[in-house]
Amino acid sequence: MSHKEAIASVNTVNPQLMKRILVPCDFSKPAVNAFRLALDIAAQSKGTVHLFHVIELPVVGDPGMMQVVTMDESFFRDSRKSVQLQFEKLLAKHGNADVKTTTTIEFGFFPNLVVNAIENNSIDLVLMGSHGSSGFKEFISGSNAERIVRKSSVPVLVVKDLYKGAIRNIVFPNTLETEGQEELTKQVKALQAFFKATVHIVYINTPSSFTSDTVTMKRLKEFAKRFMFKDYTINVFNHENEEGGILHFSETIGGHLIALGTHGRRGVSHLLNGSLAEDLVNHSKTLIWTAAIK
């Protein structure tokens with residue numbers, strides 16, 4: 001694809017990008033909040049919501065290898081029955097008769113089964129609740145939401161508190177790197193079109209990667225022009241680090257949702273360098289939308 005074709009593709013947005021929504025559900029308060037938001041979005045997109053519960057099994061050794069401790073048949077039967085009753089209560093209390101909602105119960109390792117469900121159901125969006133994670137707990141295991149952000153092939157929207165009302169201000173942090181911008185920008189513009197929102201493109205200026213505002217504003221203008229943004233603002237926000245800068249900027253302008261890309265790093269690189277998207281998922285109370293950059 002030529003450069004002109006790539007830019008033309010970016011500017012052909014499809015606002016109906018959230019037709020099939022997967023909601024991993026453990027019946028916690030954040031999960032219920034995610035389900036309620038998913039129903040609102042599905043009602044707008046005329047889509048469907050797929051509630052998905054994983055019963056994790058006792059394992060020996062590496063969970064990724066799934067050496068499952070042998071369980072008798074009654075465990076699976078009783079567990080499935082218990083979860084199905086919880087689904088019925090959830091749907092009775094919060095379900096929407098105008099939105100088709102399906103329920104699925106699986107046994108196994110949560111991240112792997114969610115990834116499989118995305119593939120098997122042609123999911124457009126994973127919408128999940130998170131308690132977040134911090135300190136030693138974050139270093140050791142992180143949150144399930146963080147794991148899905150890292151592994152998902154489709155956008156992930158993470159919610160903590162109940163969100164009601166319109167999403168009118170989308171914060172789009174940007175490093176102005178060229179790699180992966182076409183696909184990411186296309187998805188952000190589709191997100192903007194869906195919610196009929198204003199996009200606030202922001203560059204976080206930190207001491208470790210300081211650039212003069214004059215230079216950065218020029219680059220931001222060129223970026224917005226190149227991708228033909230409409231209904232947007234460009235901003236430079238100075239802060240000691242990227243994560244804090246994004247959160248404080250969003251708070252300053254009344255951001256409803258933060259949208260950014262993730263490289264989905266694995267292994268040692270992930271452990272040493274971390275991921276800005278995953279950090280925001282763990283620490284922010286704002287809606288966080290992420291899309292994998294390939």
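## Helix H7, end to end

The expected span of a helix is 1.5 Å times one less than its number of residues. With that in hand, take a look at helix H7, which covers residues 181-195. Its 15 residues reach 21 Å from the first C-alpha to the last, close to the 21 Å expected. Helices here are DSSP runs of H or I with at least four residues, strands are runs of E with at least two, and both are numbered from the N terminus.

H7 is mostly covered, with eleven of its 15 residues buried (buried means under 20% relative accessible area, exposed over 50%, and partly exposed in between, using a 1.4 Å probe and protein chains only). Among the buried residues of H7 are Leu184, Val188, Leu191, Phe194 and Phe195, and the list also includes Gln181, Gln187, Lys189 and Gln192.

## The model and its confidence

This is a predicted model, in which local features need pLDDT of at least 70 and side-chain atom pairs count only at pLDDT 80 or more, while totals for chains, interfaces and linings use all residues. Residues are numbered from 1 along each chain as its sequence is written, and side-chain values use heavy atoms, with hydrogens and water left out.

The pLDDT is the predictor's confidence in each residue, from 0 to 100. Its average over the chain is 84, and 81% of the residues score at least 70. Over residues 5-13, though, the pLDDT is below 50, and this stretch has 18 contacts in the model beyond near neighbours in sequence (a contact means heavy atoms within 4.5 Å). Residues 265-274 also stay under 50, and for them the model has 13 contacts beyond four places in sequence.

## The chain as a whole

You will find eleven helices and ten strands in the chain. Of its 294 residues, 49% count as buried. Among contacts between residues at least 6 apart in sequence, 80% join residues at least 24 apart.

The axes of H2 and helix H3 (residues 73-94) come within 12 Å and cross at roughly 50°; axes are lines fitted to C-alpha atoms, for helices over the stretch in contact, and angles run from 0 to 180 degrees between N-to-C directions. H2 and H3 are therefore oblique to each other (angles under 35 degrees count as roughly parallel, over 145 as roughly antiparallel, 65 to 115 as roughly perpendicular and the rest as oblique). Val32, Phe35, Arg36 and Leu39 of H2 make the contact with Leu90, Leu91 and His94 of H3. The crossing is right-handed, meaning that the near helix is turned clockwise from the far one by less than a right angle, with anticlockwise being left-handed.

Helix H4 (residues 110-120) and helix H6 (residues 144-151) have axes that come within 10 Å and cross at roughly 45°, so H4 is oblique to H6. On the H4 side, the contact includes Phe110, Pro111 and Val114; on the H6 side, Arg147 and Ile148 are among the residues involved. The crossing of H4 and H6 is right-handed.

## Residues worth a look

Asn33 lies in helix H2 (residues 29-45) and counts as buried because its relative accessibility is 6%. Leaving aside residues up to four places away in sequence, Asn33 touches Val159, Lys160, Asp161 and Leu162.

Phe27, in the loop between strand S1 (20-24) and H2, has a positive phi near 70° without being a glycine. Asp231 is not a glycine either, and its phi is positive at about 55°. Asp231 lies in the loop between helix H8 (213-226) and strand S8 (232-238) and is partly exposed, with a relative accessible area of 47%.
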